[in-house]
Protein chains: 4
Amino acid sequence: MIFTFKKDTSEAELQRIVSELEAAGIRTARSPESRRPILAAVDPVPDETRARLEALPHVDSVTKPRGSWRRVDRAFRELPTVVDVSGVPFGARGVAVIAGPCSVESEEIIGEAAETAKRAGAHVLRGGGFKPRTSPYAFQGLGKEGLRLLKAAGDSSGMPVVSEIMDASQLPAFLDHDIDCLQVGARNMQNFTLLKAIAGVGKPVMLKRGLSATLKEWLQAAEYLAAYGCDGIILCERGIRTFETATRNTLDLTVLPLLRQWTHLPIIVDPSHAAGIPALIPPLSRASIAAGADGVAVECHPRPAEAKSDGAQALLPGELATLVAETRVVAAAVGRTLV
Amino acid sequence: MIFTFKKDTSEAELQRIVSELEAAGIRTARSPESRRPILAAVDPVPDETRARLEALPHVDSVTKPRGSWRRVDRAFRELPTVVDVSGVPFGARGVAVIAGPCSVESEEIIGEAAETAKRAGAHVLRGGGFKPRTSPYAFQGLGKEGLRLLKAAGDSSGMPVVSEIMDASQLPAFLDHDIDCLQVGARNMQNFTLLKAIAGVGKPVMLKRGLSATLKEWLQAAEYLAAYGCDGIILCERGIRTFETATRNTLDLTVLPLLRQWTHLPIIVDPSHAAGIPALIPPLSRASIAAGADGVAVECHPRPAEAKSDGAQALLPGELATLVAETRVVAAAVGRTLV
Amino acid sequence: MIFTFKKDTSEAELQRIVSELEAAGIRTARSPESRRPILAAVDPVPDETRARLEALPHVDSVTKPRGSWRRVDRAFRELPTVVDVSGVPFGARGVAVIAGPCSVESEEIIGEAAETAKRAGAHVLRGGGFKPRTSPYAFQGLGKEGLRLLKAAGDSSGMPVVSEIMDASQLPAFLDHDIDCLQVGARNMQNFTLLKAIAGVGKPVMLKRGLSATLKEWLQAAEYLAAYGCDGIILCERGIRTFETATRNTLDLTVLPLLRQWTHLPIIVDPSHAAGIPALIPPLSRASIAAGADGVAVECHPRPAEAKSDGAQALLPGELATLVAETRVVAAAVGRTLV
Amino acid sequence: MIFTFKKDTSEAELQRIVSELEAAGIRTARSPESRRPILAAVDPVPDETRARLEALPHVDSVTKPRGSWRRVDRAFRELPTVVDVSGVPFGARGVAVIAGPCSVESEEIIGEAAETAKRAGAHVLRGGGFKPRTSPYAFQGLGKEGLRLLKAAGDSSGMPVVSEIMDASQLPAFLDHDIDCLQVGARNMQNFTLLKAIAGVGKPVMLKRGLSATLKEWLQAAEYLAAYGCDGIILCERGIRTFETATRNTLDLTVLPLLRQWTHLPIIVDPSHAAGIPALIPPLSRASIAAGADGVAVECHPRPAEAKSDGAQALLPGELATLVAETRVVAAAVGRTLV
């Protein structure tokens, strides 16, 4: 249950309620919301307790979350959360574009990718140092050195950077190189040890949806981050696994407007991994923004044919520029701007 | 294989090639394309035959379809097909809006639905006479009488009408009442007897994608219509069945831009059946147009709470008007208009 | 709601209850069960009506079906239904084997297939006259002539025959040739017009599960047959569509024991269409029987390489004989026999 | 490519070929097979190199794996691999039964569970110390203390133990308590950091299939284990995620016989997580053995209603005893025994 209080509720009154709940073995969570107090009961609340609290003069409304999450529920915040990635806001009026190659391959290529992405209008640079590959014999990324090159390319092009973290043991490398946003990949969405480990380090986290994760499981994974201290969570839809094989995955834009009702977190879309075909990425980016996404994350590469991973789905620099321009027009059509 | 000929190719030359192929047991199909001759070999063409034809001076190009279809392949037409539904074009620059209740329930309600849909800006009226219901004990529709009421409502509001046909035995009812477009529902997409029966009656057909139909199966079903004489096929994506249960189905916009490459047929989207939740329909409509759809088909009802079927997913008249207005803006953002 | 009465309940008492329910607008269905009266209320029963009926001295128990079906619910019969296919029982202690080619191709081949299937130990001969093919250009079956050849082969080998009916218009052909069991294919599971048309002709119907049909939808389709007069329904699991592409479909044996709880109908399994690979068919047949299936339906062909459809998944005569022998051993291990 | 050599091939000859391949940048792997030398080329082998090697007098056959794995391919071993879990063989003629509660909850309960499992005929004790839970607020397991209690219960009942490891940081706890087999759960199947970390510690690993993992991805994950030093890999099918919601997951027995052709690894089945309903577990266990599984892993609990996790799907001790007895009979029917 999530309890919204009237604006003039005193801290003493709130503490009294918290104490009462905790005394009954019901853990609570306090919303960071500043406009008025909001409190979530983490554990189930007996009906009579709920009724009694609902009748208190300071309690404005009581909302039942649609799942076992609390902190990421829409009712836990008055306004949608805006996540700041080193100056780039996600979840505000402006739509953000994240772009970059699948993996960091060399200083030269990531530098060139960064320059062309920046010129094309992108706001955040992406690139993988640690790569989860289905085959043990495939290129596994440059590791920590990849993160160093990524950060340097971001710095020289003037963009914050995001990169995938696969395991808690990699965390020092991400912190050493001050990676601006930690990405949790689809395969690790339910790697709870990882989620707990990165939640408290003070970095925004982009949480990709698992390949076969339901909306509920996705929000529960986000709740792990929130419960362990992360206040900068960005959800990223990247396609789900279905029976259709004509495309790599099926982008599930159907859940986008539903997520708006269920959570206060910003939501972006990665059409590159969903489609797996460059020609599909621009129309799917437009569709994502039209469906209400707060941003898109796309793969681009100065020379896709030479890419060591996922080259076949990377956009060329010119295609990225067109995509950004189109995204701007569609954003305007739905009452938004680019960041 | 699909053979595109140069503009000055003589009819005699074409006939010679057709005869040669047919003599080798290879059936052919002639494109209705008027700008230059296009010919499809329905049956497999041996490599040497293909090479010989490709070398002929009048043959401009030879294209291999991506599946076992021929007539619906992109290469079978120079320009995308525009399907005329009694004055409303599907597949041209203008985007069309189909609206109406799930089923025709009474003269009064369908009349009111038609008036409000027309005022909201819709172009085609939908409504079911024959309803496929999962339970034998649920309302099965008014049948032929429903078609009469639908047509009357369409006439008085000035809109052509579309309705679902479930079986060839219902065809006379559709023809008697001059239903402008025959809809084949998701459950019947591979009802080949039905497809063959309705292909030749001179009516446009809106072919919904089956709940678990691949892109290839969908185009093969469309090929049945084309092979048996239908030249007015409209494809309609309406959501596929996935593991996600938060929404009724998952709208597969990922395949929309792919269909543009694979076929010359117009493609519309039905977000009502995909989402099953009214609040999701406007953003999904916008996303569909942004992804390149030629139109949307949505359910609306003057009083959803009283609807005998699918009321829970119907838009109110005012919501429909807003949807049409938003669709217009997004259409403009991707270089299109409303019809 | 399904009401089970005590054995000594008089017909007059039953009629009184039926009249009372019908007067309240609640349709009823009477179970063919002979041991004691069972009555289903087709429409929803208000709580107070239910409570009052439950309190009547002759009412033994009241069961809520798990879906919108009534007549196929487990509670509608005391004992599981045994369906007689011209002498071969489905649903009794004996397990039945249906075998034959995908389609009837010639008198010679179906005759040879029938002889070898019979010798291998099969009980029912299968073979398609009307074939639903995804491509309009593929072999569509011999039609009515195919049914004639199938029946003749069944007669001369001493086996009843089963064949797929795709449309009500084909029904006279099935009746003319006295096809012993009508098969409704996966694509037509929700072709309600077809279900209604064939339910009342006095023939057993084998209802295959749709490629993406839930258990509930499958039982609702069966309920259509039951509601329109069919008392010989056999369910056939044939694999569902999933993301896995290594096999043609995924055989869903998980639902088999659940169906035992939910319905009184016999259930068989078609591993040929599920697997699509001959080597997988024997182990999947064994698994089906071990999971509780009342029979298996497999494809076999005297010369698979020459088959006009689905040859790649057909068993050779010798393989079929081994499969039947193994099935017999596994049936014994779970307390059953072969028919 | 996998190269099988004749029995009399000298070590010098093998080394010569390895050197030649490595000189061309092609990494190799040597099979532990003792009967004759088998060598896999990890990287792609150019056609001409392959042809030349194939023509060598000592090369008996060359096999192309069906995916990017090498060491787990069927062709890499002469005989199926038998994995020894502290005295219990997996993959030999005997079928093994793993049983125990979802999580270790107390010394008393795990002790009682172990005693009853042993008496019922189980061979290996399971129980979770570290539990991956979808909600951060659910019971997360007793951690290291749980492993201690599990091992003690295994020791006193005379059974080796298996428990799930979620992260490399937990490895010392597993080694300290000498857990006999490390289980990688469905959510971690593609947690490559974890796979690499546990592959080399000399413990058998039971690798569960991911909820939406294809057969190919599963074998690629197993290849990670093999490539990093694990020679005791057991695959465990535990149900995949499909559209069907009547059961928790869909047990994919269709792939079982296919895995026999593709890999030499033992394969067991966990019907508890697939079905989620106790009554389904015995028939699905029988079906698994009939389909060729080398064992089953089931959940049981002395008092399911009191279980802190997954109690609703746990078998009672008596049910487990019946299951083991039935499994024995079905195993005999397919030419096998219990361990």
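How many residues does the contact take from chain D and from chain B? Please set out that interface closely, with whatever context the other contact of chain B provides.

Modeller: The model is a predicted one, and what follows should be read as a description of that prediction. The contact takes 4 residues from chain D and 4 residues from chain B. Between chain D and chain B the buried area is about 280 Å², and 83% of that area comes from carbon and sulfur atoms. On the side of chain D, the residues that lose the most area to chain B are Arg241(D), Phe243(D) and Thr245(D); together these three account for 90% of what that side buries. By class, the side of chain D that touches chain B comprises 1 nonpolar, 2 polar and 1 charged residue.

The contact of chain B with chain A supplies the context. Here 39 residues are taken from chain B and 39 residues from chain A. The area buried between chain B and chain A is about 2800 Å², with carbon and sulfur atoms giving 74% of it. Within chain B, Phe243(B), Glu244(B) and Thr254(B) lose the most area to chain A, and together they make up 22% of what that side buries.

Across the interface of chain B and chain A the rule finds 2 salt bridges. One of them joins the side chains of Glu244(A) and Arg209(B), with an N to O distance of 2.7 Å. Between chain B and chain A there are also 8 residue pairs in polar contact, both residues being at pLDDT 80 or more. Four helices of chain B, helix 8 (255–262), helix 9 (271–275), helix 10 (281–290) and helix 11 (317–333), each supply at least two residues of the side that touches chain A. That side of chain B is made up of 26 nonpolar, 8 polar and 5 charged residues.

Finally, a word on the partner chain itself. Chain A is divided into domain 1 (2–64) and domain 2 (83–338). The centres of domain 1 of chain A and domain 2 of chain A, taken over C-alpha atoms, are separated by 36 Å.

Technical notes. Residues numbered from 1 in each chain as written. Chains lettered and ligands numbered in written order. Predicted model: local features only at pLDDT ≥ 70, side-chain atom pairs only at ≥ 80, totals over all residues. Heavy atoms only, no water. Domains from an automatic or database assignment. Contact = heavy atoms within 4.5 Å. Buried area = accessible area lost by both parts, 1.4 Å probe. Nonpolar A, V, L, I, M, F, W, Y, C, P; charged D, E, K, R; others polar. Salt bridge = Lys/Arg side-chain N within 4 Å of Asp/Glu carboxyl O. Polar contact = N/O pair within 3.5 Å; in protein donor to acceptor, adjacent residues only side chain to side chain.
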